[in-house]
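Keep it open while you read, and follow along residue by residue.

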Amino acid sequence: MLFTEFGSKENPPMLLLHGMMQDWHTEYEMLKGLEEHYRLIIPAQDGFYDGSGDFTSFADQARQIEEYVQANHGGKVIGAYGASQGGLMLTELLTRNKIDLGTVIMDGCYVAHQGKIAGRVTYKMFCKFKNTGKFPALIMLMMKLMGLKAEDMGMMDSLYMGASNETVKRNFMENYTYRTRPEIAQNETIVHMWCGSKEPYAIKSHKELKKYLKNYDEEIMKGLGHGEFLMKHSEACCKKIHATIQGM
């Protein structure tokens, strides 16, 4: 795992966790406005940065984050923001409950179990896109299920295209078969769940998480699809993240 930090060391540390196949550089560019207030810690998952080995598992990625925060920040951050698969990673970290995450924000978190078949179809589709540059026909169906349109295909530019086929397979299969575990109920961290009104799987994921979370706040943003708040309204997203962490 690659860890990169930005912002003054005098600022309180904050975790930023990237989405599925997302290039961590893209995430930083969208959220760099938070540097004014926080020491940003951006972990890049194994398999999704230059020179990396293949992706391992969400449990192993979480372990590496825990060990880094324990070794470099006393096991505690002021807050953590995770978009899409970054929200799943936060779910795993909350379940393991080995570091203090402060205020947690999940934006478009997908933890609703979708099954092996969905995972297999999707990883093959993305491998084809990654290897040929051509969009498979099924990709538009996937976009529709995320509340996105053809004109939103530009979001694909934020992906890390250097991942191996094995990394994509492991990551997608774990993502699509992930299940929220009851142990997360033992964590009393404040969790803010955001998503767009056009994200059925994120809304379904919220319902799953609300079975267990003790302290949560849910906000469904009208008219938005998956990732639109972060990618199309980055400045507003930064301001909202800061206000949420500060309890404003």
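What follows is a walk from a helix pair to a few individual residues.

First, some ground rules: this is a predicted model, so local features need pLDDT of at least 70 and side-chain atom pairs count only at pLDDT 80 or more, while totals for chains, interfaces and linings use all residues. Residues are numbered from 1 along each chain as its sequence is written, and side-chain values use heavy atoms, with hydrogens and water left out.

The axes of α2 and α3 come within 10 Å and cross at roughly 70°. Because of that angle, α2 is roughly perpendicular to α3 (the label covers 65 to 115 degrees). Axes here are lines fitted to C-alpha atoms, for helices over the stretch in contact, with angles from 0 to 180 degrees between N-to-C directions. On the α2 side, Phe58, Ala59, Gln61, Ala62, Arg63, Ile65 and Glu66 meet Gln85, Leu88, Met89, Glu92, Leu93 and Arg96 of α3, where contact means heavy atoms within 4.5 Å. Sorted by class, this contact has 7 nonpolar, 2 polar and 4 charged residues (nonpolar: Ala, Val, Leu, Ile, Met, Phe, Trp, Tyr, Cys and Pro; charged: Asp, Glu, Lys and Arg; polar: the others, Gly among them).

Some of those residues turn up again around tyrosine 178, in the loop between α6 (165-177) and β6 (191-196). Leaving aside residues up to four places away in sequence, tyrosine 178 touches Phe58, Leu88, Thr91, Glu92, Thr95, Val111 and His113. With Glu92 there is also a side-chain to side-chain polar contact at 2.8 Å; that term means a pair of N or O atoms within 3.5 Å, and within protein one must be able to donate a hydrogen and the other to accept it, with residues adjacent in sequence counting only if both atoms are side-chain atoms. Is tyrosine 178 buried or exposed? Its relative accessibility is 7%, so tyrosine 178 counts as buried (buried is under 20% relative accessible area, exposed over 50%, partly exposed in between, using a 1.4 Å probe and protein chains only).

Now hop over to methionine 21, in the loop between β2 (13-17) and α1 (24-31). Methionine 21 is buried, at 2% relative accessible area, and its neighbours include Phe126, Lys130 and Phe172. Methionine 21 also has a positive phi of about 65° without being a glycine. Most residues other than glycine have a negative phi. Asparagine 97, in the loop between α3 and β5 (103-107), is another non-glycine with a positive phi, near 55°. At 39% relative accessibility, asparagine 97 is partly exposed.

Phe126 and Lys130 are among the buried residues of α4, along with Gly119 and Tyr123. The 17 residues of α4 (residues 116-132) should span 24 Å at 1.5 Å a residue, and the end C-alpha atoms agree, being 24 Å apart (the expected span is 1.5 Å times one less than the number of residues).

Finally, look at arginine 39 in strand β3 (residues 39-44). At 14% relative accessibility, arginine 39 counts as buried. Its side chain makes a polar contact with the side chain of glutamate 5 at 2.7 Å and reaches the backbone oxygen of glycine 7 at 2.4 Å.

Conventions:
Helix = DSSP H or I, 4+ residues; strand = E, 2+ residues; numbered from the N terminus. Parallel < 35°, antiparallel > 145°, perpendicular 65-115°, else oblique.
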